[in-house]
Amino acid sequence: MEVVTIRELKQRACEVPGEYGVRAQVSAVVQKTTRAGKPFYEVRLADAEDHYVLRAWNDTPGYEVAAGLDAGVFVEVSGQWVDAGDFGVEAKRWEVRELTKEEVAGVLAGGDELARRQAEDYAFILERVTSMKDGRLAGVSGLFLEKYGERFRRAGAARGYHHARRGGLVEHVAQMMRCALGVCGAYPDLNEDLVLAGVLFHDSGKLWENCFLEDGFVMPYSESGELLGHIAIGMELVNKLWRDLMESDEAKGWEDLRPKSEEVRLHLLHLIASHHGTHEFGSPVVPKTPEAYVLHHVDNIDAKMEMFAGGYETAALLAPNIFDRVRPLPGNLVRPLGKVGEEAAE
């Protein structure tokens, strides 16, 4: 039986129903009741790239199996997988076994392609930070990566809509930096160093709001994340790092530098505070500088592009070239126009 990732399972079972095995961590086991009053279990599975909800009905052998599962355990679920229409991919006649330590290590590492991509993205972020001309922005950014790089590399960019995977925040930040560099190239009056630092720190509070545990794919909720949110946490983090930076020997050479260090700190904080764009979406202030406006839109562009990409992979095909809606995108997806000379996607 072929062992696949959750994302591969969703793709393949929709196209070719068959027998597959999927290795993942049980993130939760929740008992629920149908409208008819019959009990069932939802076994929530997660791997390096995606999530899946396995349902165990009370009239199937899987019901007792699900009742005996604990959150946090790594398992292989094998069985017959089919496309159940509106309910997505569904398992039939499935079995579960616990993974060995060696198999767990393989699941935590993720697929080769994902690991390669995230390693390249992190290296790109490091390169952009070290190339900043403003030593203060380079310093505070480098201090962040030095102190919290490991945590950064296992944080998700969100809980559901986009980059909601271990290491997803690194992918999101790196791609935003690439996009921001293009915008700054088109508008040379922008402060490129400030924009890049804003990209790095805009979701830094998610290291405490959306961070996966060291040994798995469970993203626990935190009291600080609930009470403050990632914007407030990110601003507090920058202030702490900035104070540490200003106490360094290097900071003595910045006393006569213009713009003044306090102005740089204030503008960086504004980028974090305003990156959601509007009050109703959680920003305490709206973007009031060109750099803040660019950051807001670059953030939105990358999030939406990730939603489109995921939708084309997993959304149901409603008609030729038309896919079911992926929320929060506003309507059904339509296959994009191919580039000249390229074969059309099936």
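Predicted model: local features only at pLDDT ≥ 70, side-chain atom pairs only at ≥ 80, totals over all residues.

Visitor: What makes helix 9 roughly antiparallel to helix 10?

Guide: The axes of helix 9 (residues 223-246) and helix 10 (residues 261-274) come within 9 Å and cross at roughly 160°. Angles under 35 degrees count as roughly parallel, over 145 as roughly antiparallel, 65 to 115 as roughly perpendicular and the rest as oblique, so the crossing makes helix 9 roughly antiparallel to helix 10.

Visitor: Why is Asp50 called buried?

Guide: Buried means under 20% relative accessible area, exposed over 50%, and partly exposed in between (1.4 Å probe, protein chains only); Asp50 has 13% relative accessibility and therefore counts as buried.

Visitor: How do you know that Lys10 and Asp50 meet in a salt bridge?

Guide: A salt bridge is a side-chain nitrogen of Lys or Arg within 4 Å of a carboxyl oxygen of Asp or Glu, and for the side chains of Lys10 and Asp50 the N to O value is 3.3 Å. Lys10 lies in helix 1 (residues 6-15) and Asp50 in the loop between strand 3 and strand 4 (51-57), so this pair ties together parts that are 40 residues apart in sequence.

Visitor: What is the relative accessible area of Arg97, and what is that of Glu76?

Guide: Arg97 has 33% and is therefore partly exposed, whereas Glu76, with 11%, is buried. The side chains of Arg97 and Glu76 also meet in a salt bridge (3.3 Å, N to O). Arg97 lies in strand 6 (residues 89-98) and Glu76 in strand 5 (residues 74-83), so the pair ties together parts that are 21 residues apart in sequence.

Visitor: How were these values prepared?

Guide: Residues are numbered from 1 along each chain as its sequence is written, and side-chain values use heavy atoms, with hydrogens and water left out. Local features need pLDDT of at least 70 and side-chain atom pairs count only at pLDDT 80 or more, while totals for chains, interfaces and linings use all residues.

Note on methods: Axes fitted to C-alpha atoms, helices over the stretch in contact; angles between N-to-C directions. Helix = DSSP H or I, 4+ residues; strand = E, 2+ residues; numbered from the N terminus.
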